[in-house]
Amino acid sequence: MAFAKWIGAFLGLLSGGPFGAIAGYALGYVFDDLISNRTDLTTRDFEPGRTSSDNTRRTTYTQRGTQQEGERNSYLFSLLLLSSHIIMADQKIMHSEMEYVRRTLRNNFGTAAETQGNEILLRLFEKHKSMGTAMWNQQILQCCYQMTGAMSVEERLQLIAFLCEIAKADGTVAQVEVDRIRDIATWLGISTNEVDKLLHLGSNKLEDAYKVLGVAPTATDDEVKKAYRQMALQYHPDKVATLGDDVKAAAEKKFKEINAAKELIWAARGL
């Protein structure tokens, strides 16, 4: 099944709990096919004629690859799960927001990801409706706690960055969307100040550039440079490289926007 080429059923550390339950609902229609097409590790990794050390190295490599696969799948499903939560923040499924997600999936992951990601979002909307808002919100809270324990802070920052772009997609950022993203950031162990920074990315205004770095226009040059270095380190694409080249490419766009904000300030200050 083509679906397996983008996101599989194996979710690593996030395979259980509320996250695993929601993923099971959204991905359930591909679980059986994915599992039946997986080669048994014992027959694949321990081949006749290989020495014990050969088999050990091969098993270690396979386990590392499987772990990375689980981390990647967890990240991609988290992206869709939290996206559905933000899209439904104002109780309206806006075409512009859905199109932003579809376009991002298409540009970074391919046409199959666009189609499959859209199907998963629709199933998540159904789940939200069937559970009711109060219970759904509680499930998202618990899922975020699971993500915090399984993902690096840099990976979680990239999730927040994506949610901010969804909120901006229709040209108007509703306060309910901002509040919901701030809640998610808190649940993910991320400062809400990061949300304020990310919501101002992409602007060509100097005042917004300062907000991106989280400093006042009256800050000293050293303070501005320090703020930039810290942000550049947090959002560097290499921090999510293990999730795959496509995830890294998506992070590179965000990194360029951070650098664009920096260049506006540097030009204004003659640095």
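Student: What percentage of the residues of the protein chain count as buried?
Tutor: This is a predicted model, and 46% of the 271 residues in its protein chain count as buried. The chain has 12 helices and 0 strands.

Student: What makes a residue such as Leu124 count as buried?
Tutor: Buried means under 20% relative accessible area. Leu124 has 1% relative accessibility, so Leu124 counts as buried. Leu124 sits in helix α5.

Student: Which residues does Leu124 touch, leaving out those up to four places away in sequence?
Tutor: Leu124 touches Ile22, Ala26, Phe77, Leu80, Leu81, Ser84 and Trp136. One of these, Leu81, is 43 residues from Leu124 along the chain, yet their C-alpha atoms are separated by 7.1 Å.

Student: What is the largest nonpolar core made of?
Tutor: The largest nonpolar core has 77 residues. Phe77, Leu81, Met147 and Ile160 have the most contacts inside that core. Phe77 touches Ile7, Phe19, Ile22, Ala23, Ala26, Leu27, Ile120 and Leu124, with residues up to four places away in sequence not counted. In soluble globular proteins, nonpolar side chains tend to be buried together.

Student: Why is Glu194 called buried?
Tutor: The cut-off for buried is under 20%. Glu194 has a relative accessible area of 8%, so Glu194 is buried. Glu194 lies in helix α9, residues 192–198. Not counting residues up to four places away in sequence, Glu194 touches Leu157, Gln234 and Tyr235. Glu194 and Ile160 are 34 residues apart in sequence, and 8.3 Å apart in space from C-alpha to C-alpha.

Student: Is Glu114 buried or exposed?
Tutor: Glu114 has a relative accessible area of 17%, which is under 20%, so Glu114 is buried. Glu114 belongs to helix α5, residues 111–131. Arg102, Leu105 and Arg106 are the residues that Glu114 touches, not counting those up to four places away in sequence.

Student: How do α4 and α5 pack, and which residues make the contact?
Tutor: α4 and α5 pack at an angle of about 145 degrees, and their axes are 7 Å apart. The crossing of α4 past α5 is right-handed. On the α4 side the contact is made by Met98, Val101, Arg102, Leu105, Arg106 and Phe109; on the α5 side, by Thr111, Ala113, Glu114, Gly117, Asn118, Leu121 and Phe125. These residues divide into 7 nonpolar, 3 polar and 3 charged.

Student: What makes α4 oblique to α7?
Tutor: Helix α4 (residues 95–109) and helix α7 (residues 153–168) pack at an angle of about 135 degrees, with axes 8 Å apart. Angles over 145 count as roughly antiparallel and 65 to 115 as roughly perpendicular, and the rest between these are oblique. The angle falls between those ranges, so α4 is oblique to α7. α4 passes α7 in a right-handed crossing. The contact is made by Glu97, Tyr100, Val101 and Thr104 of α4 and by Phe162, Glu165 and Ile166 of α7. By class, this contact has 4 nonpolar, 1 polar and 2 charged residues.

Student: Why is α10 also described as oblique to α12?
Tutor: The axes of helix α10 (residues 206–213) and helix α12 (residues 245–269) come within 8 Å and cross at roughly 120 degrees. Roughly perpendicular ends at 115 and roughly antiparallel needs over 145, so α10 is oblique to α12. α10 passes α12 in a left-handed crossing. From α10, the contact uses Leu206, Ala209, Tyr210, Val212 and Leu213; from α12, Ala261, Leu264, Ile265, Ala268 and Arg269. The contact has 9 nonpolar, no polar and 1 charged residues.

Student: How do you know that Trp266 is buried?
Tutor: Trp266 has a relative accessible area of 13%, and buried means under 20%, so Trp266 is buried. Trp266 is found in helix α12. Apart from neighbours within four places in sequence, Trp266 is in contact with Val224, Lys225, Tyr228 and Leu271. Trp266 and Lys225 are 41 residues apart in sequence, with 9.2 Å from C-alpha to C-alpha.

Methods
Residues are numbered from 1 along each chain as its sequence is written. This is a predicted model: local features need pLDDT of at least 70, side-chain atom pairs count only at pLDDT 80 or more; totals for chains, interfaces and linings use all residues. Side-chain values use heavy atoms; hydrogens and water are left out. Axes are lines fitted to C-alpha atoms, for helices over the stretch in contact, and angles run from 0 to 180 degrees between N-to-C directions. Helices (H or I, at least four residues) and strands (E, at least two) are DSSP runs, numbered from the N terminus. Angles under 35 degrees count as roughly parallel, over 145 as roughly antiparallel, 65 to 115 as roughly perpendicular and the rest as oblique. A crossing is left-handed if the near helix is turned anticlockwise from the far one by less than a right angle, and right-handed if clockwise. Contact means heavy atoms within 4.5 Å. Ala, Val, Leu, Ile, Met, Phe, Trp, Tyr, Cys and Pro count as nonpolar, Asp, Glu, Lys and Arg as charged, and the others, Gly among them, as polar. A nonpolar core is a set of buried Ala, Val, Leu, Ile, Met, Phe, Trp, Tyr and Cys residues joined through side-chain atoms within 4.5 Å. Buried means under 20% relative accessible area, exposed over 50%, partly exposed in between (1.4 Å probe, protein chains only).
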